[in-house]
Amino acid sequence: MNKIIVILTLCVSLILTGCQGSGGVSSRNVDPALAKSNTAKFFSKSAWQSCAIGAGLGGIGCVLAGGKTGVCIASAAVGCGVMMGANYYLDNKRAEYADAEMRLDVYIQDIQQNTYEVQAVTETAKAVLDKNLATLKVLNNQIKKDTLNKKQAQNDLVQIDANIAYLQDKLQRMRKVENDWISISSQERQSGMNVSKLDKQISQLHKQIAVLENQINLVTKQRSAVKVS
């Protein structure tokens, strides 16, 4: 029973870690190209929660099958990656891979996966945000010519605002992942690991996040210029 309590504690901790700093935003009014895309699950509140629930169930099953608590905790967290939080992730990988080079290889694979997910979200977002920019341009022209259909304009702006909020939420979660990797690199550097390769990957992740941030900022700026009373 005590072992199960330990696993459940991990599960709850993962949920709390995933929810830190953001309660998530509703996908209501969000363009379906974003909310229902293959990339919607990346950097979402539901992804963190699914990871935690899956980890808890997997860990309990491992314990009931007679596994050792430490091994079960490590097994439960597999697949969550850095979503489990920097400290949990670091402790897990140090327990799983005593050899620093092997551990570094795993770090590289995991952060590359994170970078791929950011790229995928960015590509999906670009198509939607480009469409939003075109809509805002049309609305601006209609305002200047006094030909604006206010009801349609308000509907358009509601969706654009929802898209921005939705992507801002993902951006916040991406930044948390980046900060977790920075923390992991710092702690491993202190332990004597050569983290130069990891730092290069963190730089790549940062650059990719910046691409999405710039896209969001551009649409946000154009949106703020459109006033429909």
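Me: How far does α6 reach from its first C-alpha to its last, and how many residues does α6 have?
Reply: In this predicted model, α6 has 46 residues and reaches 66 Å, close to the 68 Å expected at 1.5 Å a residue. The expected span is 1.5 Å times one less than the number of residues. Helices here are DSSP runs (H or I, at least four residues), numbered from the N terminus.

Me: Where is the kink in α6 centred?
Reply: On Lys126, with an angle of about 25°. The bend at a residue is the angle between axes fitted to the seven residues ending there and the seven starting there.

Me: And what caps the N-terminal end of α6?
Reply: Asp99 does, with a side-chain oxygen 3.1 Å from the backbone nitrogen of Glu101. After α6 comes Asp146, whose phi is positive, near 60°.

Me: Switching to rings, how many aromatic pairs does the structure hold?
Reply: Three. Rings of Phe, Tyr and Trp (its six-membered ring) pair if their centres lie within 6.5 Å; planes under 30 degrees apart are stacked, over 60 edge-to-face and the rest tilted. One of the pairs is Tyr89 with Trp181, edge-to-face at 5.4 Å centre to centre and 75° between the planes.

Me: Why does that pair tie together parts 92 residues apart in sequence?
Reply: Because Tyr89 lies in helix α5 (residues 86-96), while Trp181 lies in helix α7 (residues 150-190).

Me: Are Tyr89 and Trp181 buried or exposed?
Reply: Both are buried, where buried means under 20% relative accessible area, exposed over 50% and partly exposed in between (1.4 Å probe, protein chains only). Trp181 also forms an edge-to-face pair with Tyr107, at 6.2 Å centre to centre and 75° between the planes. Ring pairs link Tyr89, Tyr107 and Trp181 into a cluster.

Me: Nice! Which residues have the most contacts inside the largest nonpolar core?
Reply: Tyr107, Trp181, Ile184 and Leu198, in a core of 45 residues. Such a core is a set of buried Ala, Val, Leu, Ile, Met, Phe, Trp, Tyr and Cys residues joined through side-chain atoms within 4.5 Å.

Me: Which helix gives the most to this core?
Reply: α6, with 13 residues.

Me: What does Leu198 touch?
Reply: Leaving aside neighbours within four places in sequence, Leu198 is in contact (heavy atoms within 4.5 Å) with residues including Leu104, Tyr107, Ile111 and Trp181.

Me: Which conventions apply?
Reply: Residues are numbered from 1 along each chain as its sequence is written, and side-chain values use heavy atoms, leaving out hydrogens and water. As the model is predicted, local features need pLDDT of at least 70 and side-chain atom pairs count only at pLDDT 80 or more, while totals for chains, interfaces and linings use all residues.

Note on methods: Helices (H or I, at least four residues) and strands (E, at least two) are DSSP runs, numbered from the N terminus. A polar contact is a pair of N or O atoms within 3.5 Å; within protein, one must be able to donate a hydrogen and the other to accept it, and residues adjacent in sequence count only if both atoms are side-chain atoms.
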